[in-house]
Amino acid sequence: MTTHRDKWAEEMDDPVLREALKNFKASVDAWSEAAYSRPRTVVNASIRRAGWRVAASWALGCVLVAGGLTAGVYQHHHNQELAKIAAQKSAAQKAAQERAAAEQKAAAAQQALRLEQAAVEEPGAAPTANITDDDLLATVASDVSRQVPSAMEPLAQLMDDNGTVANEAK
Amino acid sequence: MAAGTAIKPMTAEAAEELAAQEFAGIVESHRPQIFRFLLASLRDVDLAETLTQECFLKAHRNWKHFRGESSAMTWLMRIAINLQKDHWRNRRLQFWRHTRANAVDLDEASEWLPSGERSAEQKMLAREQVAQVWSAVKGLSERQRTVFLLRYVEDRELSEIAEATGLSEGTVKAHLSRALSRVRGELRGTR
């Protein structure tokens, strides 16, 4: 049985191996000599450090620009949302106003119809049966105008149906 | 009383001065070899330079503890081997990093040949052999590689290698034997 020592000695009998190892050593020597005698500059380190600094400032700059852009876009989007909400609100208000006006008109029309029916049913009220639309509207307007705030109520009580002051009529 | 010159006791300052001079001489004579060993082990010029610096820094700190039981070269080589081990251990822990970022590839390492009087064919053959040896060295374990490089690049004796690596001579031979058979296999085109 061969020991490691014998094997090792046998390996070295190989001329190709010996030649290869010689070339390998010569190659490492040449490389090491060239690398060892190359001019060493401390500038390399400072350049590397400066390189890191430049990279860091670039990264910081990019982050700031990206942040600014994001904030701008967000603000724009936020403004758009606010404008949309305001438009929706004003449209809703307008619709409510229109609805109120329509309801008021309908109520006036019903009032006029009731007055007309009452006139038809009362016998002494025949001359007033031929009452015109303009007269009806005037009556309605006077009714509406009588709906005054409570603070004005004492003054309103002094007025008669024709809108003249009661004392004056006497 | 003996006649003649009396030996003056050396002052502490003078002893330090002497030790510094002695260490400077050691650095000057051994630095290229330590650098070459680390360069061959790591294939990274910058890293080899850094570890060489560290090696001599460590040696300087411990210079007063060096008793001369082994040669200065063996002592320095042991420090270099330990630094290299620490480096590989750290690299293994930092596995997410791109390891050997600055290491040159085998082809580039094989380009280096001494400028001797050789024919183009001889040069090509030599380059091919060097590339094959590099390829085999790359496949060796850390310990085998260290032993191989100390023997065939640094021309160290087996006893010196054993001392520098902290292995027995028998183990050194076993590592050398495995490393050589690997190199031979590579030269023959087998693995």
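This is a predicted model: local features need pLDDT of at least 70, side-chain atom pairs count only at pLDDT 80 or more; totals for chains, interfaces and linings use all residues.
Residues are numbered from 1 along each chain as its sequence is written, while chains are lettered from A and ligands numbered from 1 in the order in which they are written.

**Stop 1: α7 and α8 of chain B**

Select residues 158-165 of chain B, which form helix α7; helices here are DSSP runs (H or I, at least four residues), numbered from the N terminus. Residues are in contact if their C-beta atoms, placed from the backbone, lie within 7 Å. α7(B) and α8(B) pack at about 100 degrees, with their axes 9 Å apart; axes are lines fitted to C-alpha atoms over the stretch in contact, and angles run from 0 to 180 degrees between N-to-C directions. That makes α7(B) roughly perpendicular to α8(B), a label for 65 to 115 degrees; angles under 35 count as roughly parallel, over 145 as roughly antiparallel and the rest as oblique.

**Stop 2: back to α6**

Look for B:T146, B:V147, B:L150 and B:R151 of α6(B) against B:I161, B:A164 and B:T165 of α7(B).

**Stop 3: along α8**

Next, colour α8(B), a helix of 20 residues that reaches 28 Å from its first C-alpha to its last. That is close to the 28 Å expected at 1.5 Å a residue, taken as 1.5 Å times one less than the number of residues. Buried residues in α8(B) include B:V172, B:H175, B:L176, B:A179, B:L180 and B:V183; buried means that 20 or more other C-beta atoms lie within 10 Å of a residue's own. Just after the helix, B:G189 takes a positive phi of about 90 degrees.

**Stop 4: where chain B touches chain A**

Finally, show both chains: 27 residues of chain B are in contact with 23 residues of chain A. On the chain B side, α1 (12-42), α4 (106-110), α5 (120-138) and α8 (169-188) each give two or more residues. α8(B) gives the most, with nine residues.

Note on methods. Two residues are in contact if their C-beta atoms, placed from the backbone, lie within 7 Å. A residue is buried if 20 or more other C-beta atoms lie within 10 Å of its own, exposed if 12 or fewer, and partly exposed in between; C-beta atoms are placed from the backbone.
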